[in-house]
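Please find below my notes on the structure under review. They are set out as numbered points for reading alongside the coordinates.

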Amino acid sequence: MKHTLSQKFNRQVDQISVSLIRKFDEQVTNIDGIIKLTLGEPDFNTPEHVKQAGIQAIEENYSHYSGMSGLMDVRVAASEFFAKKYGLHYKPESEILVTIGATEAISASLLSILEAGDKVLMPAPIYPGYEPIITLANAKPIYIDTSKNDFVLTPEMIDQAMVEHGDEVKAIILNYPSNPTGVTYTREEVQKIAESLKKYDIFVISDEIYSELTYGGDHVSIAEFIPEQTILINGLSKSHAMTGWRLGFILSNEAFIKELMKVHQYLVTAASTVSQKAAVKALTQGIDDGLEMRAEYQIRRDYVYQKMNDLGFSIARPNGAFYIFGKIPKGFNQNSMEFCVDLAQKQALALIPGIAFGPEAEGYVRVSYAASMENLEKAMERLSNYMKAHPAQ
């Protein structure tokens, strides 16, 4: 009897697939003249002084491994950055781990804490990068539908989920400012969520990668209120337009970091040394590099919000990140994938269908306004043309 090696893969791999965001982006990329407002990547370049720090690191032969936790100078810089920005205090020698982007930080954190049969609470809709790692760990995601509350998680929602799932819950994942909704939380809302979570013996994995992109208020980290439970994830991809440098952080108490470092080390050994040297410059001299980008994003947000609102899209409060999450107007095709495919084919405009973020997001589209105003203006014109050519039934 002939066997194939493909039959011998980890069975959990059969339960995951490539992100629908990436699939759709590739599906439409060859359409002639396509404008893509699909991926969550800044259209800005890395600041010049940060690039020069990377070049200098190469010239000075920073081409060897750093320690598992990362270079001490970048951990010191990160400690000072998070203290100044958010009032968080982590010891650089024992409470900060440098990772290969927030993505590896997420994987290392989840694989460190999850066992078969564990459950993980997640407010939905949510970025689709968490569920596959949970599934690989043979654990189970539990989605808390926030769509009826304008995508704002409440203590009551958490309490209800804990009543239903109880002792099997090992962790909750928070992601704010949110991908895909652009929603973030006020200080009062964060404090109330923290008070609720304090009642339960669960990990709080808080992905705050968009913390520097908040509009109309300062970012408030849940780690301020429950540091003893929180595994805080952040990085430089969004704040400093450094997606390709792959530089992230896990910040937590010493006992947690000690365990997380084991998994991190076997996954990747250590983050790129050159990227770490560039990160020192970003976190110190470039501590406010994100402010100029944020100001430009806010102009773009206001423009796209108004245009889509005028077209009949219902939009949750987009006060963070660089996304507009709009509900397709009544009478149009509520199947978000079909809507987006048709839009791409007829108007050469690509938005991400809501279904990419779970069934709670069906009937919505996500627009990334991390694009030039010129492209955004063309995109809104094309969207308007599409809506006028296909009036609501």
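1. Ser69 lies in the loop that links helix H2 (48–59) to helix H3 (72–86); helices (H or I, at least four residues) and strands (E, at least two) are DSSP runs numbered from the N terminus. Because its relative accessibility is 13%, Ser69 counts as buried (under 20% relative accessible area, 1.4 Å probe, protein chains only). Neighbours within four places in sequence aside, Ser69 is in contact with Arg75, Ile96, Leu97, Val98 and Met261 (heavy atoms within 4.5 Å).

2. This is a predicted model, in which local features need pLDDT of at least 70 and side-chain atom pairs count only at pLDDT 80 or more, whereas totals for chains, interfaces and linings use all residues. Residues are numbered from 1 along each chain as its sequence is written, and side-chain values use heavy atoms, with hydrogens and water left out.

3. An open, mixed sheet is formed by seven strands in the order E2-E8-E7-E6-E5-E3-E4; strands pair if DSSP finds at least two bridges between them. Its edge strands are E2 (96–99) and E4 (140–145), each pairing on one side only. Strand E2 runs antiparallel to strand E8 (residues 248–251), with four bridges joining them. Within this pairing, Thr99 has Gly248 as its bridge partner in E8.

4. The axes of helix H6 (residues 155–165) and helix H7 (residues 187–197) come within 9 Å and cross at roughly 20 degrees. H6 is therefore roughly parallel to H7 (angles under 35 degrees). Axes are lines fitted to C-alpha atoms, for helices over the stretch in contact, with angles from 0 to 180 degrees between N-to-C directions. At this contact, Pro155, Ile158 and Asp159 in H6 meet Lys192, Ile193, Ser196 and Leu197 in H7.

Methods: Buried < 20%, exposed > 50% of the residue type's maximum accessible area, 1.4 Å probe, protein only. Parallel < 35°, antiparallel > 145°, perpendicular 65-115°, else oblique.
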